[in-house]
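Me: I've got a structure to go through. Can you take me over the confidence, the helix packing and the aromatic rings?

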Amino acid sequence: MKVSSVLEVRIANRQGKYSVKIRISDKGNVVYTSTGIYATREEFDQKTGLLIATGKNRQYAHRNNSVIVEQLARMDEIITEYKKKRVVLTPTQLKEIYLSPSAKETNRVSFNSYFRDFINKKIEKSTKETYITTLKMIEGIYADKLQFEDINYSWLEDYERRLKIKGLSVNYIAINLRNIRAVYNNAIDNEVIGLEHYPFRRFKIKHEKTRKRNIVIEDLRILFNYQGNEPQMWAIDMAKLIFFLIGINIKDLFLLSTFENGYAVYRRAKTKAHYSIKIESEAEAILQKYRLPDGQFSFQRQFIFSHSFMKKINKYLKEVASLAKLPHITTYTLRHTWATIAAELEIPKETIAAALGHSQNTVTDIYINFNQKKIDEANRKVIDKIML
């Protein structure tokens, strides 16, 4: 049986758009079911079965592509379930089961108990604490008897409203909501619940813009050329290294160990995605300076945890910033500054995002293998701008 998304071009609506449908076919038997999404011929990619994300249409396309992929995934999930029962479905039967509200019963593991198990599997203490705080806040409002199906759009709105009444900031509320979403995604990945129970399909987590953390090029040059005591010079070297490695996350730098063909290769601690950065000569000089005979780096021996490593760097960067009359600088400042300089050099946003290792969380990411050469060239341009 084959399940795919297609554009039904026989009848257009008043806006001149056609219905995007799920096509279910097997041995010449074909049925369709609507996704509720419409697009023009130019907006739909027949090869991928997804909307083309360009210009003003980008947000609309990303949002609806997520819906299409979720519906296709649910179809595949049903087929797999029935295969395990050694039942071969016809396209018509699959459609009926898919449209049935009782297509998959929710596992009765409670939301609260699953949330606790999720917390217990977290390794980082700081990460655990944020999830513990979220769970305590939930149970302080709704007690401890929530089921997964209780967490719907209305519940999320009510929870957001109650946190606002408590006087919590928009971004703090967003952290709590993202924690809930992470638990939900984990439950779906582990097949505890089905995609049909996912409450964040329509609910959007609100954010407020934080103050810009970048510094101007002139200040960055002052930092890089500053001459201080040994701990300060060590911190400046680490700041340079972070910047030359495209604003690498401090934990990723702390765990760095694999180098292949002139690239640092690793799995990002935050997203778990595979990533690589070309080691430019400026970065290589610093890595060699701190590399031990066994291949490790001295800072990996000096510190047990990455947050201690970061805390020490930030301590001495604060000293240097104060002495050199610079703005407040942290390890994260270097990441923001790299991105800002790249933007000023008119490097495309997509290249900057890929260089920073950002996951766009869009369906398009599944189909695009971003050109590494573009990232390498972008980093070289940014470094050259600073090293003038």
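The chat below covers those topics in turn.

Me: What are we looking at, and how are residues numbered?
Reply: This is a predicted model, where local features need pLDDT of at least 70 and side-chain atom pairs count only at pLDDT 80 or more, while totals for chains, interfaces and linings use all residues. Residues are numbered from 1 along each chain as its sequence is written, and side-chain values use heavy atoms, with hydrogens and water left out.

Me: What's the mean pLDDT?
Reply: The mean is 86, and 91% of the residues reach 70 or more. pLDDT is the predictor's confidence in each residue, from 0 to 100.

Me: Where does pLDDT stay under 50?
Reply: Over residues 102-107, with 16 contacts beyond four places in sequence. Also over residues 360-369, with 11 such contacts. Contact means heavy atoms within 4.5 Å.

Me: On to packing. At what angle do H8 and H12 pack?
Reply: About 110°, with the axes 8 Å apart. H8 is residues 230-244 and H12 is residues 306-323. Helices are DSSP runs (H or I, at least four residues), numbered from the N terminus. Axes are lines fitted to C-alpha atoms over the stretch in contact, and angles run from 0 to 180 degrees between N-to-C directions.

Me: Parallel or perpendicular?
Reply: H8 and H12 are roughly perpendicular, because that term takes angles of 65 to 115 degrees.

Me: Which residues of H8 and H12 meet?
Reply: From H8, Pro-231, Gln-232, Trp-234, Ala-235, Ile-236, Met-238 and Ala-239. They meet Phe-309, Lys-312, Ile-313, Tyr-316, Leu-317, Glu-319, Val-320 and Leu-323 in H12. By class, this contact has 12 nonpolar, 1 polar and 2 charged residues. Ala, Val, Leu, Ile, Met, Phe, Trp, Tyr, Cys and Pro count as nonpolar, Asp, Glu, Lys and Arg as charged, and the others, Gly among them, as polar.

Me: And how do H3 and H6 cross?
Reply: At roughly 95°, with the axes of H3 (residues 111-120) and H6 (residues 170-189) coming within 10 Å. H3 and H6 are therefore roughly perpendicular too. Phe-111, Tyr-114, Phe-115 and Phe-118 in H3 meet H6 residues including Ile-180, Val-183 and Tyr-184. The contact has 9 nonpolar, 1 polar and no charged residues.

Me: Rings next. How many aromatic pairs?
Reply: The count is 25. Rings of Phe, Tyr and Trp (its six-membered ring) pair if their centres lie within 6.5 Å; planes under 30 degrees apart count as stacked, over 60 as edge-to-face and the rest as tilted.

Me: Stacked or edge-to-face for Phe-115 and Tyr-131?
Reply: Edge-to-face, because the planes are at 65°, with centres 6.3 Å apart. The pair links Phe-115 in H3 to Tyr-131 in H4 (residues 125-142), 16 residues apart. Phe-115 is buried at 0% relative accessibility, and Tyr-131 is buried at 7%. Buried means under 20% relative accessible area (1.4 Å probe, protein chains only).

Me: What about Phe-299 and Phe-309?
Reply: Stacked: 4.8 Å centre to centre, 15° between the planes. Phe-299 is in H11 (residues 298-302) and Phe-309 in H12, 10 residues apart. Both are buried.

Me: What does Phe-309 touch?
Reply: Trp-234, Met-238, Ile-250, Leu-253, Phe-254, Phe-299 and Phe-303, not counting residues up to four places away in sequence. The relative accessible area of Phe-309 is 0%.

Me: Which residues do ring pairs link into a cluster?
Reply: Among them are Phe-111, Tyr-114, Phe-115, Phe-118, Tyr-131 and Tyr-184.

Key: Helix = DSSP H or I, 4+ residues; strand = E, 2+ residues; numbered from the N terminus. Parallel < 35°, antiparallel > 145°, perpendicular 65-115°, else oblique. Buried < 20%, exposed > 50% of the residue type's maximum accessible area, 1.4 Å probe, protein only.
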